[in-house]
Amino acid sequence: MSSYLTELRALYQLHLKKRPVVLSHEINSRCNLKCSFCDYWRYERDELDTDEIFYLLEQAKSFGILFYNVWATEPLLRKDLPDILEHAHKLGMTTSLITNGLLLENRIDELDHLDYLSISLDSIKSLEEIRGIRFNTLLPGIIKARDKLNKEILINCVLSKKNLEDVEDLVKLAKDLGMKISFEPIHKIESIDSTDWSTLDIKKNNKYQRVIDKLILMKKKGYPIINSITYLELVKNMSTDYKCHASDIILNVTSNGTVEHCRLKKTKLGDISSSLEHIWNNSKAIRNDVTSNCSGCLFFGYVENSLLYNFKPEVIKNYEWM
């Protein structure tokens with residue numbers, strides 16, 4: 001299906017049917033890394049089996065979902081991932097995957113039904129300090145994935161105190177590899193140790209703002225940064241001055257089949273043992289209440305898509321990811 005028709009279908013689903021277009025699936029609760037700023041690996045939950053995920057995808061298709069995004073905690077640990085992506089494709093969904101990249105070299109040949117790939121990569125020099133893995137360990141898998149997929153790959157960088165010096169080099173790496181890159185500031189989680197947080201926390205200061213100004217300049221010069229300038233300005237000022245539509249756009253389902261409001265609030269809306277349509281129709285008051293009482297976040301997928309939802313011209317022009 002052409003991108004133009006997909007965009008029309010997305011607009012119809014979002015603004016006329018008032019339903020989300022993305023199924024964001026936390027497909028498992030296991031990870032092969034233990035990043036200090038992440039809490040997903042800390043709490044193992046049950047995982048849906050293959051047939052249950054097939055059923056979820058079939059529900060999603062009937063509900064009008066167009067995009068199936070697989071993430072959390074490390075999707076490549078699931079042996080049945082190729083079958084799941086194939087099933088989503090057969091239902092007509094566009095598929096995407098977010099990975100830490102550690103298993104890419106071994107598993108990329110299996111992912112024939114993957115449309116978009118996003119790799120979490122925060123640094124070249126200090127990646128081991130941030131995520132406990134060396135950049136040179138990931139690079140062969142990244143290159144193999146690029147060559148195998150022959151599609152645009154996204155590098156996603158979480159900005160923290162530990163990698164501000166590496167940002168420009170990461171952008172240049174993405175350009176040299178023929179990939180795109182996104183940025184978002186680190187988000188504090190409740191479970192993070194205060195000592196760990198002190199080594200990561202970025203505050204709105206001159207150094208941080210100069211880094212964001214550099215990203216804006218590189219974006220304007222044509223470097224492959226997918227973020228909109230509107231978003232980067234919000235990030236520069238640590239501002240959440242936007243109207244959030246995350247729950248209008250993205251349906252979040254956890255590894256055990258719980259349907260949640262979003263990855264930040266994690267308010268339960270239902271369980272996939274009920275139909276997605278039933279859950280959606282019966283959770284409007286909860287969704288509105290959670291959104292209206294939220295102080296906001298700067299997760300780029302939530303912010304950029306919320307700005308798109310509100311038809312912000314600069315974002316429509318310059319935000320490049322799905």
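**Salt bridges, helix packing and some backbone details**

Let's start at T73, which sits in the loop between β2 (67-71) and α3 (81-90). The names of these elements come from DSSP runs, numbered from the N terminus: helices are H or I runs of at least four residues, and strands are E runs of at least two. What joins A72 and T73? The link is a cis peptide bond, with omega at about -5°. For background, most peptide bonds are trans, and most residues other than glycine have a negative phi.

A word on the ground rules: this is a predicted model, where local features need pLDDT of at least 70 and side-chain atom pairs count only at pLDDT 80 or more, while totals for chains, interfaces and linings use all residues. Residues are numbered from 1 along each chain as its sequence is written, and side-chain values use heavy atoms, leaving out hydrogens and water.

Is N150 buried or exposed? N150 has a relative accessible area of 69%, so this residue is exposed. The cut-offs, with a 1.4 Å probe and protein chains only, are under 20% relative accessible area for buried and over 50% for exposed, with partly exposed in between.

K266 also has a positive phi, about 55°, without being a glycine. You will find K266 in the loop between β8 (258-260) and β9 (268-271). K266 has a relative accessibility of 34%, so this lysine counts as partly exposed.

Now to the charged side chains. How many salt bridges does a search of the whole structure find? The count is 24, where a salt bridge is a side-chain nitrogen of Lys or Arg within 4 Å of a carboxyl oxygen of Asp or Glu.

One of them pairs R19 with E277, at 3.0 Å from N to O. R19 is buried at 10% relative accessible area, whereas E277 is partly exposed at 40%.

Next come R30 and E47, whose closest N and O atoms are 3.0 Å apart in a salt bridge. R30 and E47 are both found in the loop between β1 and α2 (50-63), 17 residues apart. R30 is partly exposed at 30% relative accessibility, and E47 is partly exposed at 26%.

Then there is E110 with R107, a salt bridge whose closest N and O atoms are 2.9 Å apart. Here R107 is buried, at 9% relative accessible area, while E110 is partly exposed at 35%. As for networks, salt bridges with shared partners join R30, E47, R78 and D80 into one.

On to helix packing. Two packed helices are described by the angle between their axes and the distance between the axes. These axes are lines fitted to C-alpha atoms, for helices over the stretch in contact, and the angles run from 0 to 180 degrees between N-to-C directions.

Helix α9 (residues 206-220) packs against α10 at an angle of about 170°, with the axes 9 Å apart. The two helices are therefore roughly antiparallel; that label is for angles over 145 degrees, with under 35 roughly parallel, 65 to 115 roughly perpendicular and the rest oblique. Contact here means heavy atoms within 4.5 Å. On the α9 side the contact residues are Y208, Q209, I212, D213, L215, I216, K219 and K220, and on the α10 side I229, L232, E233, V235 and K236.

How do α10 and α14 cross? The axes of helix α10 (residues 229-236) and helix α14 (residues 300-309) come within 10 Å and cross at roughly 130°, so α10 and α14 are oblique to each other. T230, Y231 and L234 from α10 meet F300, V303, E304 and L307 from α14.

T230 also gives us a last stop. Its C-alpha atom is separated by 9.8 Å from that of P313, 83 residues away along the chain. P313 belongs to helix α15 (residues 313-318) and is exposed, at 64% relative accessibility. Thanks, everyone!
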